[in-house]
Amino acid sequence: MDNYVVRAVSGDRFIRIFFAITTAMVEEARHIHDTTPVATAALGRTITACSIMGLMMKGDDDKVSVQIKGDGPIKQILVVSDAHGNVKGYVSNPYVDIPLREDGKLNVGGAVGKIGKITVIKDFGLKEPYIGQSELITGEIAEDITAYFANSEQQPSAVSLGVLVDRDRTVKASGGFIVQVLPGVEENIISKLENTLNNLSPLTEIIEKESNGEIIVRELFKDFDVEILDKQEIRLVCDCAVERLEKALISVGKKDLKEIIEEDEKAELTCHFCNTKYHFDKEHLEKLYSEAQ
Ligand SMILES: [Zn+2]
């Protein structure tokens with residue numbers, strides 16, 4: 001298993017832990033989108049968090065999307081996951097290049113921006129999806145997702161996400177965790193947890209040294225008598241298909257479709273999530289034209 005989420009609970013069952021190792025899939029995303037290191041970090045952090053949030057969903061067909069829109073040069077990050085942690089995502093500007101922070105780290109907050117919103121859409125297959133929104137805090141992603149959980153879901157959570165990019169721009173280590181405390185937890189447990197989390201080494205350092213997620217969970221939360229529940233594989237996959245893009249073309253309407261047929265005699269559409277290009281020749285477009293309203 002290259003990419004996975006370890007689910008665990010504390011012995012008293014008041015703390016639930018989701019710990020993800022995503023090095024391979026974030027490298028795959030970097031390769032697909034040809035992202036700069038800071039864009040790789042921003043996308044990778046969001047991919048990690050979103051696939052965990054996907055696994056938190058209860059229904060088999062549920063979906064969750066995380067959209068981060070700040071005033072920084074990356075513009076928008078969009079990641080979608082299903083309930084099995086099958087995730088896809090992109091950033092609007094994969095070529096964003098800004099100087100490192102003073103501490104030598106990638107400036108994700110600067111790329112994303114501090115003014116803006118994080119929007120989480122949960123699709124339970126009902127008529128209306130659930131939409132939760134929260135203001136960005138730092139644009140560093142983890143803090144923003146923590147704020148989303150607190151403000152929109154009233155769920156106290158600790159979120160940590162990290163992507164370490166190597167000198168050759170490939171992903172050296174990537175992962176993250178979401179830790180949540182359940183209602184009724186005693187105050188002293190919360191302070192013990194805060195203490196543990198405040199004293200952690202940077203996550204990328206931890207994952208670079210130890211790539212086994214279960215070992216990391218046992219080590220990080222050793223004071224909480226943790227029980228590992230399971231380890232679930234997650235993947236970077238796109239579910240785009242020619243039928244979906246046909247629908248998109250049909251939806252532009254007869255008039256515009258006619259224009260495309262007459263002027264260009266072909267169309268090329270690219271899936272934002274996986275960069276697959278779909279070519280439509282004149283004959284194909286004419287068939288869609290006949291189906292359009
Ligand atoms: Zn695609």
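Val5 in strand β1 pairs across to Ala20, its bridge partner in β2. The two strands, β1 (residues 4-9) and β2 (residues 15-21), run antiparallel and are joined by 6 bridges. Strands are DSSP runs of E with at least two residues, helices are runs of H or I with at least four, and both are numbered from the N terminus. Two strands count as paired if DSSP finds at least two bridges between them.

Before going further, a word on the model: it is predicted, local features need pLDDT of at least 70, side-chain atom pairs count only at pLDDT 80 or more, and totals for chains, interfaces and linings use all residues. Residues are numbered from 1 along each chain as its sequence is written, and side-chain values use heavy atoms, leaving out hydrogens and water.

**The five-stranded sheet**

β1 and β2 belong to an open sheet of 5 strands with antiparallel pairing, in the order β8-β9-β2-β1-β10. β8 (157-165) and β10 (227-233) stand at the edges with a single partner strand each, so one side of each has no neighbour in the sheet. Neighbouring strands are turned by 10 degrees against each other on average, direction ignored.

| Helix | Strands touched | Angle between directions |
|---|---|---|
| α2 (residues 37-56) | β1, β2, β8, β9 (171-181), β10 | about 40 degrees with β9 |
| α4 (residues 142-153) | β8, β9 | about 160 degrees with β8 |

**Around β5**

Strand β5 (residues 86-91) is mostly covered, with 5 of its 6 residues buried (under 20% relative accessible area, 1.4 Å probe, protein chains only). β5 pairs with β4 (residues 76-82) in the antiparallel sense over 5 bridges, and Leu78 has Tyr90 as its bridge partner. The two strands form a hairpin with 3 residues between them, where Gly85 in the turn has a positive phi of about 75 degrees. β5 also runs parallel to β11 (residues 235-236), joined by 2 bridges, with Val87 opposite Leu236.

**A helix pair**

Helices α8 (residues 242-250) and α10 (residues 282-291) pack at about 60 degrees, their axes 9 Å apart. That makes α8 oblique to α10, oblique being what remains once angles under 35 degrees (roughly parallel), over 145 (roughly antiparallel) and 65 to 115 (roughly perpendicular) are set aside. Val242, Glu246, Leu249 and Ile250 in α8 meet His284, Leu285, Lys287, Leu288 and Glu291 in α10.

Technical notes
Axes are lines fitted to C-alpha atoms, for helices over the stretch in contact, and angles run from 0 to 180 degrees between N-to-C directions. Contact means heavy atoms within 4.5 Å. Buried means under 20% relative accessible area, exposed over 50%, partly exposed in between (1.4 Å probe, protein chains only).
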